[in-house]
Structure formats: C-alpha cells, structure tokens
Amino acid sequence: PVSTLAMPSYKLSEFDTRGLAEVSRQLFILSGTPYEDNRISKDQWPALKEKYGFGELPVLEVDGKQIPQSLAIARYLAKEFGFYGANAFEAAWIDALADQAKDFISDIHPYFAIAMGMVAGDTDKAKAEIALPAIKKHFDLFEKVAKDNGSNSHFVGSNFSYFDILISEFVFSIDSFLPGSFDAFPTVLAVRAKVTSIPAIKEWIEKRPKTVT
Amino acid sequence: YLSLSNMPNYKLTYFEARGFAEVSRQLFHLSGTPYVDNRIQRERWGEFKSMTPFEKVPVLEIDGKVLPQSFAIARYIAREFGFAGRSNLEAAWIDAYADQFKDYLEYIRPFFKVAIGASQGDFEQLKKEFAEPNRDKFFGFLEKLAKDNGLNGHFVGDSLTWFDLLIADHILTMENFVPGFLDAFPAVLETREKIVNTPKLKEWIEKRP
C-alpha cells in the first residue's frame, strides 16, 4: 500500500452534481487515493464564492493550493495517477479529444438549459435542432477515433485515460435525458462498458449521490 | 536527406495568420527547433478540411503523425522544449488559466467577429457589452496573478511558458482593435513587455510574415 505520509491532501469542491468534476472523482477512486469530496449547496455558494480564485467550481485543493478549471484538474490527476497515455503523443491526443468534448458541451448546452427548465423553450424542438445534431457531429468523430484505435475499448492507446472516463460519464448523463442516443456509436459504448465494469467504478456508481447531471 | 539528429520532423499547418497557431510557432523559434510553417490560404481550406482529424486547423504533424487542437499542440511542444512550467502543479495552473482564457474568448466572440470583419455589427456597442466586462473579469485575474507571481515577467513560475506567449499575442491583437484596451492592467502590460523582449521571440516578431 502507498504510504499516506508522503501523499498530499486532496479536496475537490463542486456543487452536488456529477458534471465535469465526476471524471476527477473517478480518477481518485481508480487510483485508490483518498480525497475529500466536498459538495457545496447552492445556498452556501454566495458566501463561499470569493474563496475560489475564478469564482467558479470545481476547484481542486492540493495541500491547500487551488487548481481551478475542470479539465486542468482532470489532467493534473491523470498525470499524477497514470491515466494520461503511455507517451507524450498519446497524452496530447487525449487532451485534444478532451478539448473537442468541451466543444460538444457548448454545442449541446442550450438543449439542456431548456430540458432542465432553466430557459424557456420547446424541449422537442431543442432535441431535434440542437441535441441530436450535436451528438451526431461529435460522436461520429469519437466513434471513428475509438475504431481507429483498434476498437480495444479505449479512445487512445491501450489503457484507461481520463478521456475514456469523461465520455463514459457524458453518455450516462445524456442517455438519461435522451435514451438510445448513442445506439449508433457501438465502439463508444464499448469504452463506457469497459470503464463501468471496473469494480471500484461499478461500486462508486452504485453508491454515489444520485443527481440529475 | 539524412537527418543530423534524432529530432522528429515537425510540420505545423494553419491559415496565413497568427491566430491559434502563433504560440506554437513561437515555441519552435524559442527552442531553436526547425519546423515547416505551412500556411494555407483560406480560399483553399475546402481542399484540406477533410484531411484533418477534427476538420480544423491548426494541426501538427510529428514524423507524419497528426495532432489536432491548438492547446493540445501548444502543450505538447511546450512540454517537449521546457515551456510548460517546472512542476505538475505549475503545469496545472497554466492549463487552468489557459482554459479560463478560452472561456473569455468565447464571451468576447460577438465583439471579436465584428472586429476582424467576419460579421456585421456595431463595434462600439459590442465592445461595451461583450469586450469590456469580460476583459475586466479575466484581466483582473491576470493582474492579480502577475503581482502575486512577483512581477517577474511571467504569469506562472519563473520561466517562460506557453501561457505567457498566449497572453502576449492576444494583447497585441486586442490593442490593434482597441488602442489602450488594457491600460487599466499595468502589471499585465509590464509582464507582456518582458515577454516580448525575450531575444529569440523579439527576433521572430520582427521578421514574421
């Protein structure tokens, strides 16, 4: 077992959602690293906001030093714990895919704003005009990447990366709103199946707080 | 042609512009690494588009293997040549600020598109509505960062990083559209001055297309 004396103390602060912090939670779990899963309620947030550099969540504290921005956090942990490809080129591809995934979030976000009642709009119209085209555009690409990687249940290389976990969570979240949206992307679904079959992840998914996103 | 070293062959493809490729070009120059600065005319983009993994440029070819996404490219080259901070923690801060910068670019986009002539619109109104408040927020963070870092000529750590280059280049772009755009951020401007006076960088800036 790894000595806990040498290990930094980790505290991950986020609202009570899976969101873009979930990939980092799963990196802690996969690596068997203790961390504080600090969930902040919407009521508490106004008073706490100025404690955090950018006034946004999630934020990771490493021995009290703050790292903001969800992908910077995920990349940091992936590097620390070995979920960042086997070499610099693989790492760069994982990063490139993560940036593409961020574009996907921007593209599909207006659908979620309507579907979750945050913004007025016709959910069915938003599904047809916003969500489904965004899924097709980005997941055609992710499906190709997974196939070109040898359909080995990873997007890059031959081991789990933070991008495998990120997509696995996206699929879960979106599928809960739009069942069957990923049926056209079997190689992507195979990555998700592999991630969720890891015993520690399976266990976490069963016991984690159940949230809409 | 016999390679004189084990160095890979690098080819960076982008439009005839600084844009999202300039930081990577600067990293090659700063490290003294030969590379092909492949500039394509926008009118010819249709020919190349489907040959790129994400239908976007820049792309970097490393011995023929293609890498897309400007930040992934910049980070890759920065790591290879020592411009990504001195520790994993510094690298993470650079990544965090770079992503925050990307968010800021998204927020100012309605103004930016008009400023570069890609859309029609009211320059002054868009500047007030989108450029100024978002500038105040993001450059407010950078002003504090530069000061907290000791006004040592870098935003993070004590050596030149790809984030320094990213910001210095953006300031140039914004000052072209709005002279004095960052006058309220003296620590940022002081840091920028030191960055662009780095000898190899100064040389590139003077001679680049």
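This is a predicted model: local features need pLDDT of at least 70, side-chain atom pairs count only at pLDDT 80 or more; totals for chains, interfaces and linings use all residues.

The largest nonpolar core counts 135 residues, and Phe155(A), Trp162(B) and Phe163(B) have the most contacts inside it. Its biggest contributor is helix H4 of chain A (residues 88-115), which supplies 14 residues. A second core of 6 residues sits apart from it, with Phe15(A), Ile40(A), Trp45(A) and Leu57(A) among its members. In general, nonpolar side chains of soluble globular proteins tend to be buried together.

What does Trp162(B) touch, leaving out residues up to four places away in sequence? Its contacts include Val23(B), Leu27(B), Phe71(B), Phe83(B) and Ile94(B), along with Arg75(B) and Asp95(B).

An unreviewed UniProt entry places the feature "domain: GST C-terminal" at residues 87-209 of chain B. That span is 73% helix and 0% strand, and its end C-alpha atoms are 34 Å apart.

Now for the backbone. Most residues other than glycine have a negative phi, and most peptide bonds are trans. These spots go the other way:

| Site | Feature | Value |
|---|---|---|
| Leu57(A) to Pro58(A) | cis peptide bond | omega near 5° |
| Val57(B) to Pro58(B) | cis peptide bond | omega about 10° |
| Gln69(A) | positive phi | near 70° |
| Glu55(B) | positive phi | about 55° |

Pro58(A) lies in the loop between helix H2 (45-48) and strand S3 (59-62) of chain A. In chain B, Pro58(B) is in the loop between helix H2 (45-49) and strand S3 (59-62), and Glu55(B) is also found between H2 and S3. Gln69(A) falls in the loop between strand S4 (65-68) and helix H3 (70-81) of chain A.

Definitions and conventions:
Residues are numbered from 1 along each chain as its sequence is written. Chains are lettered from A and ligands numbered from 1 in the order in which they are written. Side-chain values use heavy atoms; hydrogens and water are left out. A nonpolar core is a set of buried Ala, Val, Leu, Ile, Met, Phe, Trp, Tyr and Cys residues joined through side-chain atoms within 4.5 Å. Buried means under 20% relative accessible area, exposed over 50%, partly exposed in between (1.4 Å probe, protein chains only). Helices (H or I, at least four residues) and strands (E, at least two) are DSSP runs, numbered from the N terminus. Contact means heavy atoms within 4.5 Å. UniProt positions are given in the numbering used here, feature names are shortened, and annotations may be inferred rather than shown by experiment.
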